[in-house]
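Here is a walk through one protein model, sheet by sheet and then helix by helix. Keep the structure open as you read.

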Amino acid sequence: MKLDADFNHLINTVAEEILGAVDEWFQQIEQKKEKDINEITGRTSLQIGIHDLLHIEYSDGKIKLYSWINGSPDCQHKGTRLENPLTHQEIENVLIPLLEKAIRQKLQIYEDSALVNYRFQASIEVGGSETLPILNDVNQRKRELLLQRIHAYIEDKLEGQSYPTDPLESFFLSRHLVDPQLFPDMDTAFILRVYGLVMERNKGNKSKLDEHRSQFIHAFRKWAESVFLPIYFHSVKSRWGQAEHTIKEGIDLTAMEPKQMELVLQTAILIIKYEPNYSRKNGLDLLERLKELGSTRAVKVFKVGSGTLPAEVILYKDEQIECQAHDVFSIITIRIKEECADSYAKGLDFICRLLDKGFFRSYQIKLKSQAKNIVSIPGLAKSQTHRFFANALQYEELHPKLETYVRLAMVEHEWYEDTEVEKNCMPGTYAAFGLGLANRRYFPLVKAYMERVDEEHQSVQAAFAGAFIKQYGIDETTLPTITACLLRCQDGKFNKYRTDFETAVNLQALSRIIASLAPHYARHLVELIWGSLDNLQKRQQKEKGECADGFAAVWAAANRKG
């Protein structure tokens with residue numbers, strides 16, 4: 001390590017430049033009026049301070065300061081461009097002690113202020129090297145006060161009352177419960193009991209319940225990935241941002257902390273069970289890590305499922321049918337022993353019961369059946385899931401039960417698991433399409449289905465729209481359903497039906513529908529039928545017959561500003 005006067009001057013210069021930037025950062029956050037600070041921390045007793053992190057980057061003569069991980073820099077400053085990079089040892093043994101002492105003195109000014117949280121961490125990265133900690137300061141007075149508030153909140157608002165709680169409270173509470181600085185001796189049973197109380201208090205409002213649950217899952221997952229896994233695994237991020245874990249050598253698997261293992265297991269199950277389909281891999285990855293650490297419970301979850309659903313819900317068997325569900329891999333296995341309406345009725349009842357108890361909407365069916373029916377719409381995956389519903393559709397007496405299934409199954413951003421990307425389709429698709437083509441009484445079901453379709457990630461509805469038009473034609477009775485389909489199509493060859501839209505009666509009906517739509521939806525509908533607003537205008541100007549008024553009405557409805 002360099003010890004000459006020039007080096008001492010350099011290191012002091014670097015430290016002074018960084019600390020000057022730190023002073024300005026504190027001045028910047030301090031400019032928040034006291035009223036604003038009190039307003040922020042006054043929203044809930046569970047927030048005792050605002051800022052808890054400062055990350056410093058010193059590279060190429062620039063100083064950047066961050067108050068959020070992976071965020072944008074709060075401020076930037078010019079510093080000294082280093083001709084020779086500082087070594088790890090120089091940073092750790094000389095630079096960091098200078099920074100630590102000065103920042104600790106700075107924090108004393110805010111020990112009673114809500115501007116700084118009970119815990120404040122600072123770190124530094126010099127010249128693109130690894131990030132090194134500067135300090136992890138804990139204000140014990142604030143910590144004790146926050147602990148008192150947490151226990152009071154649980155006792156008063158969760159155990160003592162039955163009213164819904166605020167998602168903001170769950171944001172802080174969930175993170176506090178897994179904070180090792182607040183609760184060094186993790187009590188998983190206590191954490192899960194508190195989580196259960198929050199779920200119970202908010203069960204009357206599904207959207208709010210989902211928001212509360214999401215806060216807890218996010219906090220648990222962050223703890224698992226940033227606190228638990230680094231104890232036992234080396235972690236390297238791939239080029240796609242996914243972490244790749246390698247178990248550390250010499251880990252004593254007999255000394256594993258069972259309470260922590262249990263919380264990781266429950267976190268994995270919560271992610272798999274409740275998070276969107278694209279997040280399930282995170283839960284499965286946690287289970288894989290637990291398997292590597294010798295968890296027999298994780299092995300069992302892989303084999304038979306999470307164990308959160310009763311045996312009578314995940315298993316049914318009689319002389320006509322066998323059904324079994326695995327809620328980790330989201331697979332429903334159905335064996336049809338007797339091809340009859342009763343068998344498929346029992347299968348549908350089994351699936352609906354699963355979904356009603358919280359089974360994934362994104363699932364697949366492994367089907368053993370002699371029947372090989374499909375819904376005859378181009379582009380649908382010829383999967384076993386498809387075949388089950390197509391088989392059930394052959395029995396008209398099951399159509400009401402299939403409608404019940406569709407209304408229960410269809411959820412935006414969920415997909416059957418056994419389709420390729422271009423054949424993605426929302427749960428309920430095969431039954432909804434089959435019913436829509438089978439009987440006019442299912443037109444409202446088709447419209448309800450289309451309202452939930454994510455057209456950016458699903459395109460099979462375009463083929464259904466074409467099949468629907470061929471089946472029923474275009475008139476006043478079918479136009480509401482047809483337009484509901486077209487509004488969820490990014491493209492499609494619908495201009496070939498243009499002359500069917502261009503009758504006097506249909507144009508007037510279409511104009512009323514278009515007038516009820518937001519302008520961008522109205523234009524989208526016109527583009528699918530006529531190609532563009534300009535094409536429609538030219539067609540309207542050329543029409544002199546009985547359709548003139550209809551074209552004028554459609555043009556006026558579609559040409560609104562907005």
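Strand β1 and strand β4 (residues 116–126) pair in the parallel sense over seven bridges. Helices and strands here are DSSP runs, helices being H or I of at least four residues and strands E of at least two, numbered from the N terminus. Two strands count as paired if DSSP finds at least two bridges between them. Within this pairing, His55 stands opposite Ser123 in β4.

The model is predicted: local features need pLDDT of at least 70, side-chain atom pairs count only at pLDDT 80 or more, and totals for chains, interfaces and linings use all residues. Residues are numbered from 1 along each chain as its sequence is written, and side-chain values use heavy atoms, with hydrogens and water left out.

Now look at the other neighbour of β1. Strand β1 (residues 51–59) runs antiparallel to strand β2 (residues 62–66), and five bridges join them. His55 has its bridge partner in β2 too, namely Tyr66. Two residues lie between the strands of this hairpin, and Asp60 takes a positive phi near 50 degrees there. Strand β2 in turn is joined to strand β3 (residues 75–78) by four bridges, again antiparallel. Lys62 has Lys78 in β3 as its bridge partner.

Put together, these strands belong to an open sheet of five, in the order β3-β2-β1-β4-β5, with mixed pairing. Strands β3 and β5 (132–138) stand at the edges with a single partner strand each, so one side of each is left without a neighbour in the sheet. On average, neighbouring strands are turned by 15 degrees against each other, direction ignored. Axes are lines fitted to C-alpha atoms, for helices over the stretch in contact, and angles run from 0 to 180 degrees between N-to-C directions.

Helix α1 (residues 5–30) packs on this sheet and touches β1, β2, β3 and β4. Its direction makes about 145 degrees with that of β1. Contact here means heavy atoms within 4.5 Å. Helix α4 (residues 140–159) lies across β4 and β5, at about 125 degrees to β4.

Next comes another sheet. It is open, has four strands in the order β8-β9-β10-β11, and its pairing is mixed. Strands β8 (315–317) and β11 (364–368) stand at the edges, each with a single partner strand, so one side of each has no neighbour in the sheet. Here, too, neighbouring strands are turned by 15 degrees on average, direction ignored. Strands β9 and β10 run antiparallel and are joined by six bridges. Ile321 has its bridge partner, Ile336, in β10.

What sits in the loop between β9 (321–326) and β10 (331–336)? Ser330 is found there. This residue has a positive phi of about 50 degrees although it is not a glycine.

Helix α12 (residues 341–356) lies across β8, β9, β10 and β11, at about 20 degrees to β9. Helix α13 (residues 384–393) lies across β10 and β11, at about 70 degrees to β11. Gln384 is found in α13 and, at 31% relative accessibility, counts as partly exposed. Leaving out residues up to four places away in sequence, Gln384 touches Ile365, Lys366, Leu367 and Asp418. Gln384 and Ile334 are 50 residues apart in sequence, with 9.9 Å from C-alpha to C-alpha.

The largest nonpolar core has 146 residues, and Phe389 and Tyr405 have the most contacts inside it. Such a core is a set of buried Ala, Val, Leu, Ile, Met, Phe, Trp, Tyr and Cys residues joined through side-chain atoms within 4.5 Å. Tyr405 touches residues including Leu348, Ile351, Phe389 and Pro427. A second, separate core of 36 residues includes Val14, Ile18, Ala21 and Val116.

Finally, turn to a helix pair. Helix α7 (residues 206–232) and helix α9 (residues 280–292) pack at about 30 degrees, with their axes 11 Å apart. Arg221, Ala224, Phe228 and Leu229 in α7 meet Asn282, Leu286, Arg289 and Leu290 in α9.

Key
Buried means under 20% relative accessible area, exposed over 50%, partly exposed in between (1.4 Å probe, protein chains only).
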